[in-house]
Amino acid sequence: MTDLPTDSRLIDDYKHGFVTPVDEDTVPPGLNDDIIRTISRKKGEPDWMLEFRRKAFRAWQRKSEPRWAHVSYPPIDYQAIRYYSAPKSLAYNNGELDPEVKKTFERLGIPLDERQRLEGVAVDAVFDSVSVATTHQKMLEEKGIIFCSFSEAVKKVPDLIRQYLGSVVPVGDNFFAALNSAVFTDGSFCYIPPGVKCPVELSTYFRINAAGTGQFERTLIVADRGSQVSYLEGCTAPMRDENQLHAAVVELVALEDAQIKYSTVQNWYPGDEQGRGGIYNFVTKRGHCRGARSKISWTQVEVGSAITWKYPGCVLEGDGSVGEFYSVAFTNRRMQADTGTKMIHIGRNTRSTIVSKGISAGESVNTYRGLVSVLPGAAGARNHSQCDSLLIGDRCSANTFPVVESENPAAILEHEATTSRISEDQLYYLQSRGIDPEAARSLIVNGFCRDVFKQLPLEFSVEAVKLLEIKMEGSIG
Amino acid sequence: MNDADSTLKIAGLRASVGGKPILNGVDLTIRPGEIHALMGPNGSGKSTLSNVLLGHPDYEVTGGSVEFRGRNLLELPTEERARLGVFLCFQYPVAIPGVTVAQFLKAAVDAVRGRGAVKAAAFLRELREGAKFLEIDDAFLNRALNDGFSGGEKKRMEILQMMMLRPSLLLLDETDSGLDIDALKVVSKGVNRLAGPATGMLVITHYERILTHIPPHFVHILVDGRIAKSGGPELVRELEARGYDWVREGAAAPPAAPGVAP
Amino acid sequence: MKLETGNLRLLFPGETEAVHALRAAALDRAVSLPVPTGMEEDWRRTDPRRFAIEALPPAGAPARVTPDGAESLDAFYDVVVRVGSAGWSVEDRSGVLAGGEVTLRTLPEALEADPERTAGLWNLVPAPRPDDRFESLARAFHSLALVLRVKPGASLDRGVLVRWREPEGRLFAPALLVDVGADASLAVTEVVESSGDGPSLSLGLTRFAVGDGGRLRLAHVQRAGTGSVRMGFTHGTLGAGASLDAVTVHAGADLVRTRFSADAAGRGAAARVGGLFLASAGQHLDQQTLQIHSAPDTTSDLLYKGAVRDDGHSVYRGLIAASRGAVRINAYQRNNNMVLNEGARADSLPGLLIDADDLKCTHGATIGSIDPGQIHYLRARGLSEPEARRLILDGFFEEITSRLPIPALRDAVRVLLGSRLTA
């Protein structure tokens, strides 16, 4: 992976903004029972999948869209969105992937040919609504690892899907999760058999291309007893004047002694200087440490989207299980990020760590919102949270709203948070050593985010640093 | 109390921490007026012994008995042991924020020497006198107990507590570790003031340095949770010259069980 | 009782037009505000229906009587005000009221003497979180409102003690307005009690304004009986270079919901705010604090410490709000909680709401319990386990107790906590 050019996939401002000219197979805009039946039929799904979708749709109809303080956007017309869009010529299995789609991913630094594939990373590429390619299949199969598009998994391993789908994020969990459960078109599925340590990083790359569509992908990862997997997720979209909706659901299940590491670098199009366009990124991500001593670790670098609304959390049910959340959220221009985590301590001696670093610039609003809850049975539970915010310029806002609650006398919870601007002393010191102010700010911000970046797999970490540097350019108001 | 009552008799003591056996049958008798030194390599169980004698909740006693003043100490809650006259100078004294040294010691003196036994004025006099003797600034008496104290200050505070509680059995758990020579002298001065025909002492240490200030009558060497060798003060010099390996080799021979009185 | 303007004249007959106008405006405002249902973010942890405003008849304004019933603490104050069901009295122990440096008036008197300033203080609300329905009701149904004013440059040696004893079976709404002139200095202690353990509902309103360079020490000790349900709304502003040192102690009542806020509104103002609370069997304590920085170079330092035991439940909600332009501010907020047994519950929601850039804001929250190592250490010195726990808790609270302005008050609070801890 060391030969991967670091200025490739996720970097620049905003060079992923191109549109790919492919014929799309779409459904008419709008959401109703017929559309859901159409999506399910197009995907050749079994009845139980259709039922899952319809149940979710009914739940969604009963729910109202959440309205959070400190997040504002005009109402979304859910009947104006196309809920299915796929490149017409899809024939990856014969090695005949639509050349335009292939080119798109190559431009993004994701070669899909097995010959040029990335070393050490197996990629599932999702283009608009569907998975277009998954690399490294053979090697993974030898280990018994299942890593494929969600649609394929529904056909190949229906029992696993039926067992785990919606078991972490129920269909009616929240407005956007219900919407996703009703209309999701594809995504990735991953199953690691007992005792297997996945030898490569698994990765999904999401690309929104078509106009007027939403992207609703679904990711489900199941790590069986004693297994380990590291998973990467990256996202980009073209520059468009309209706002596009991305409402994903990610479910992670870790059984006894299993470990899942889930890393995200999110660089959806954030909109222009005036706040026109950009992705609404309303995502539900949750991990369930079902087995004793299991561990789920979330790392996210959020630098894109007009609005981000996501709280990757862990339900720590297994005794001695561990949940982690490491986050860098950078907002600029008119971006709004409302992100954080939920750690629910149920089992005994469960531990959680939260490290959140928010950087606000421009006229953006960057909010950390978190919950740490220790239920009565969680004796010996420990939590440590550190939430820091850095302000760049005087027109941005940084908010921190944690909730810490305990019903157990043998639990220890500690939360610390600071908000400040870049220290003049630090800047002065670096400048006195000949570093120009912009580079100095960049250095300081990188140091500020270090605890999070070092959690990323090496190649992602290098990219994240570069990405943040580019995002910071010109952000000094 | 008579002398016979105040003899500490440890017989066949076994203890473990988190299921792992640390003490594997310790036998030791300390009579009033005797100063015993307990030495041994790291991990031999020295601190475990002192903690077990005071009933620390993390340590599980799995066998044996500890007799003191006609009671089996192992059956008593920690505070009863303290009230019987057992005093442990902790290796790592705990801080209690918001509770001043004076406030804490008044509560302890009331508990150990009896409520009302020492009137407030007499208590303060005694406390100030003790502090002066140990070269502790009076200001410390109104600071929160061990909160932000340096290592040396904490150890002096332990000795001050000892002086105020007047124990008949003193356990020093590596009290010399981390002390500079001046602090060690002050601490020893306090211990020696307590020493006398009514008091038994167990000095647990890694180094012989403290033993030049508090000369022991008996020296024991603990290896793998058992007393591998016992003798007089000469053992210290021998140990210094030959190291613990020499004792280990000896321990491999048939079990040495000095001073066992079943 | 119906929430209708027409009822105000019946409940509070013979009042001046000015006071009636304030009541009517407040009632209109209250009726215009939504009735909380429990679904609101702010109300998820405390059931609003337990504050049954309409269930108890409002207490009318008590008559002024001659002072009696001194308690030992009273000797440490210049002025002692006692408010009870028999009436209210003022004891000018060191003649400061007679001297004119300090005035103590009822709301109608103050409205007459200084209408604008009094009405301004009465209607003061914190900008980032405006008043809610209950706060408006406290204004509309206030039983007795006192206005304490210190002239610029004046200062009291010992201060003012106000004892509120709420009547049983009534809606009691006491109000206290404190107006500290420029460069003046004042200490005010409020002790809140109830006359028994019968049901009572109290809505307390406190407002303060500290002029440039002024200094206010505010202590509030609540030790009401078990039948008491209460709400408190405290808010005030600090002028340039002014300082506030406030301590709130909650050890009584069944159900408490309070909000304390201070706005450092003048350059260089400094607020130091302490809170201490203990929720035991059947008690639910919900406290909110707001540190507002609307001026540059201001500081705030807040520490709330509490313990929950039996099935007690505490909620602490804190917010630091810095507005644009409030540069070079330093704000600190900490909440430490002890959960003493299973069944008890502590919730902590510290928050930062920052719209300025040149600042340093820090908050921290911990929830834990007594460290077993500390208990063992004290037992090794002869203390029993209950004694050890008591001592450790005393130490835990001491950080706040020691901030109380008068040694005798500190002792009184220590005794109060001791009795609640051993109950």
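Helices (H or I, at least four residues) and strands (E, at least two) are DSSP runs, numbered from the N terminus. Keep that in mind for the tour.

This is a predicted model, where local features need pLDDT of at least 70, side-chain atom pairs count only at pLDDT 80 or more, and totals for chains, interfaces and linings use all residues. Residues are numbered from 1 along each chain as its sequence is written, while chains are lettered from A and ligands numbered from 1 in the order in which they are written.

**Stop 1: chain B**

Select chain B and colour it by secondary structure. You'll find 8 helices and 12 strands. Its radius of gyration (taken over C-alpha atoms) is 18 Å, close to the 18 Å from the globule rule (2.2 Å times the number of residues to the power 0.38) for 262 residues, so chain B is as compact as a globular protein of that length.

Next, burial. A residue is buried if 20 or more other C-beta atoms lie within 10 Å of its own, exposed if 12 or fewer, and partly exposed in between, with C-beta atoms placed from the backbone. In chain B, 44% of the 262 residues are buried.

**Stop 2: helix α1 of chain B**

Now pick residues 46–54 of chain B, which form helix α1. Here 8 of the 9 residues are buried, so the helix is largely enclosed by the rest of the structure. Among the buried ones are K46(B), L49(B), N51(B) and L54(B). Step just past the end of α1(B) and you reach G55(B), with a positive phi of about 75 degrees.

**Stop 3: where chain B meets chain C**

Two residues are in contact if their C-beta atoms, placed from the backbone, lie within 7 Å. By that test, 24 residues of chain B are in contact with 19 residues of chain C. On the chain B side, look at α2 (78–83), β7 (96–100), α3 (101–113) and α5 (151–165), the elements that give two or more residues. The largest share, 5 residues, comes from α3(B).

What classes make up this side of chain B? It has 18 nonpolar, 4 polar and 2 charged residues. (Ala, Val, Leu, Ile, Met, Phe, Trp, Tyr, Cys and Pro count as nonpolar, Asp, Glu, Lys and Arg as charged, and the others, Gly among them, as polar.)

**Stop 4: L276 of chain C**

Hop over to chain C and click L276(C), in strand β14 (residues 270–279). Is L276(C) buried or exposed? L276(C) is buried, with 25 other C-beta atoms within 10 Å. Show its contacts too: leaving out residues up to four places away in sequence, L276(C) touches V249(C), K305(C), G306(C), F397(C), I400(C) and T401(C). Try the distance tool on H250(C): this residue and L276(C) are 26 residues apart in sequence, yet 6.4 Å apart in space, C-alpha to C-alpha.

**Stop 5: where chain C meets chain A**

This contact takes 30 residues from chain C and 28 residues from chain A.

**Stop 6: two helices in chain A**

Finish with α9 (residues 437–453) and α10 (residues 458–472) of chain A. Residues of α9(A), including V445(A) and C449(A), meet residues of α10(A), including A464(A) and L468(A). The residues of this contact divide into 7 nonpolar, 3 polar and 2 charged.

Definitions and conventions: Axes fitted to C-alpha atoms, helices over the stretch in contact; angles between N-to-C directions.
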